Amino acid sequence: MLTVNETAVAVDVNKAQKESIEGPWQMAWKRFRKNKLAMLGGIILLVLVFGAVFAPVISPYELDDMDYSQINKAPSASHWLGTDQLGRDYFTRMLHGSRVSLQVGVFAVLISVVLGSLVGGIAGYYGGWVDNLCMRIVEIVMSFPFLPLAITVSAVVGARLPAEYKMYITMMVIGFLSWTGLARMIRGQILSLREQEFMQAAKALGLSDKRIILKHLLPNTVAYIIVSATLGMAGAIMTESALSFLGLGVAPPTPTWGNMVQNARDFYILTNRPWLWVPPGIAIFLTVMSINLLGDGLRDALDPKTK
Amino acid sequence: MSKYILKRLLHMIPVILVISILIFGIIKLAPGSPVGTNLDPRATPEQKQLERTRLGLDEPLYVQYGLWLSRVVQGDLGKSFLYQKPVKDVIGPYLKNTFILNIPVFILAFGISIPVGIHSAVKRYSVFDNFWTVFSLIGISLPSFFFGLLLIYFFAVKIQILPINGMIEAGSNTTGFAYALEVTKHMVLPGLVLTIGSLASYVRYTRNGMLEVIHQDYIRTARAKGLNEKVVVYRHGFRNALLPIVTLLGYSLIFLLSGAVIVETVFNWPGMGRVLLESVTMRDYNLMMAVMMLYAILTLVGNLLADIGYALVDPRVKVD
């Protein structure tokens, strides 16, 4: 029979146990929170995303408002980042540009994650000739030097479409060319997961292949997917800006940071109107850096082995 | 080993075939007809039809592909309408210029990043390591075109000591040593951009590879035996960290060629990247196909070199 005192102790033990049990996600979050640089990256990114989402509300002018009395003005109180050759407010264009740059990044990564995890999952799960075929395809896509192919495809396909669709072409080009690394990694993971006991259980239950891959195998690789998606987004934003800078990505009048830096290919603007190309360049740099910090932090938090 | 290389070479053939089909497909998707690129714009319909037949454009697609492929295999890449000479003769000098720019970058980047990466891993979290970690982060995140423009701005406006454009001065006809000096001067800025970009990722890569090794038990054993720290780090540690670096050496060939496209454009360096962009924007399809094919082959060679290097360094890799 328990005395009052003993029950109290027992309750205490229960409480203590409840507090100390942490899921893997909570543990990861704890590790992540300690990483100041990663937190900084996350915060910068949040600010940027906020600016992009609310761009139409925050921006002081309308996107295409042209004021011919205010052409090529240096930054001032009324135009924080000056105005361009058509008298448009540059800060407004920067905010709207971030919308496009981030959107292209997100959708490109989405395409590459879906393709990469599906191909990797299927190749790893089925093995044999399916695996062989998938890996040959991966090899072929990998044998293309990324940037030259992206340049060629966006130029050739982009030439057939009106300017406002070029944004979607850019997303797809980046997405369809950058899934191979993830596919290889997922395949490797699944090859080892396949041998574990929960897989025998899943098979014994008679689950369909689709369900096994999507509900049992891929969720186990989610930490890798998150990290690779984050770092992939930095790469996608970088590629989009490079393509747009070369005039082959998102085309004006749609503003993106990349095609805004393109202004500097005019030597007069490069040397005399730095406000037309330095701020968008810094914006790309800051965005890519904060995403990289976030991605590195996530990798350290989700996969303590690499530390 | 030679058997392994031969096998890998045979393996490349189907990959090259598929790539060539893809490139052919991309070009076929492109708007505009190649008829007329060789012709006088005032050509009559009969002349145009004659040209169509000559180019085999009335044949079904697979026949066109076969014809194109057989011409390519015989070394006939067609004529560039932009330069009005055979594509083969156009590409040569530009390819040479790209290598002139990239080989010093390659040597510098590896020469610096390997010792730095090793030292960073051994002295993890030291001032030295932190400096290079920050350097890598910035280098990876800074778009090369923006960095290039900043340099041009700085050297064009503030201190005019280095040329910011092209490979030689306009109208210059120096030879011998003076020519070499002139080219070297022009190489400094684009070379700097490329070197810093590659350094950033190579240092990271070497450091990570070395970190995986340096905390293993056999390193502790080596230290416990009382071996000299240099021997421990370079003979015992670095040898095992060499594997990822050898892979990187092969891939960096591709990385350099790709990255150079942007830098060559920014600095107006007459290399492959510029030819590619020119051919793409001017729709010189023969030239474009040849450049793409060349890029693909160089990439495959890079992969092959990486695999061979891997097999040479690591006896655990199955060669047969």
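1. What percentage of the 320 residues in chain B is buried? In this predicted model, buried residues account for 33% of the chain.

2. The secondary structure of chain B consists of 11 helices and two strands. Their order along the sequence is α-α-α-β-β-α-α-α-α-α-α-α-α. The C-alpha trace of chain B extends over about 85 × 60 × 35 Å along its principal axes.

3. Contacts within chain B may also be considered by sequence separation. Among those with a separation of 6 or more, 72% join residues 24 or more positions apart.

4. Chains A and B meet in a contact to which chain A contributes 33 residues and chain B contributes 36 residues. On the side of chain A that touches chain B, at least two residues each come from helix 6 (128-142), helix 7 (146-158), helix 12 (222-245), helix 14 (267-272) and helix 15 (278-302) of chain A. Helix 7 of chain A provides the largest share, nine residues. The composition of this side of chain A is 25 nonpolar, six polar and two charged residues.

5. The largest nonpolar core comprises 145 residues, and those touching the most other members are Ala150(A), Ile151(A), Val261(A), Phe145(B), Leu149(B), Leu276(B) and Val291(B). Helix 9 of chain B (residues 229-267) gives the most to this core, namely 17 residues.

6. Leaving aside residues up to four places away in sequence, Val261(A) touches Phe245(A), Trp277(A), Pro280(A) and Gly281(A) in chain A, together with Phe145(B) and Phe146(B) in chain B. Of these partners, Phe145(B) is itself listed among the core residues that touch the most other members.

Technical notes. Residues are numbered from 1 along each chain as its sequence is written. Chains are lettered from A and ligands numbered from 1 in the order in which they are written. This is a predicted model: local features need pLDDT of at least 70, side-chain atom pairs count only at pLDDT 80 or more; totals for chains, interfaces and linings use all residues. Two residues are in contact if their C-beta atoms, placed from the backbone, lie within 7 Å. Helices (H or I, at least four residues) and strands (E, at least two) are DSSP runs, numbered from the N terminus. Ala, Val, Leu, Ile, Met, Phe, Trp, Tyr, Cys and Pro count as nonpolar, Asp, Glu, Lys and Arg as charged, and the others, Gly among them, as polar. A residue is buried if 20 or more other C-beta atoms lie within 10 Å of its own, exposed if 12 or fewer, and partly exposed in between; C-beta atoms are placed from the backbone. A nonpolar core is a set of buried Ala, Val, Leu, Ile, Met, Phe, Trp, Tyr and Cys residues joined through C-beta atoms within 7 Å.
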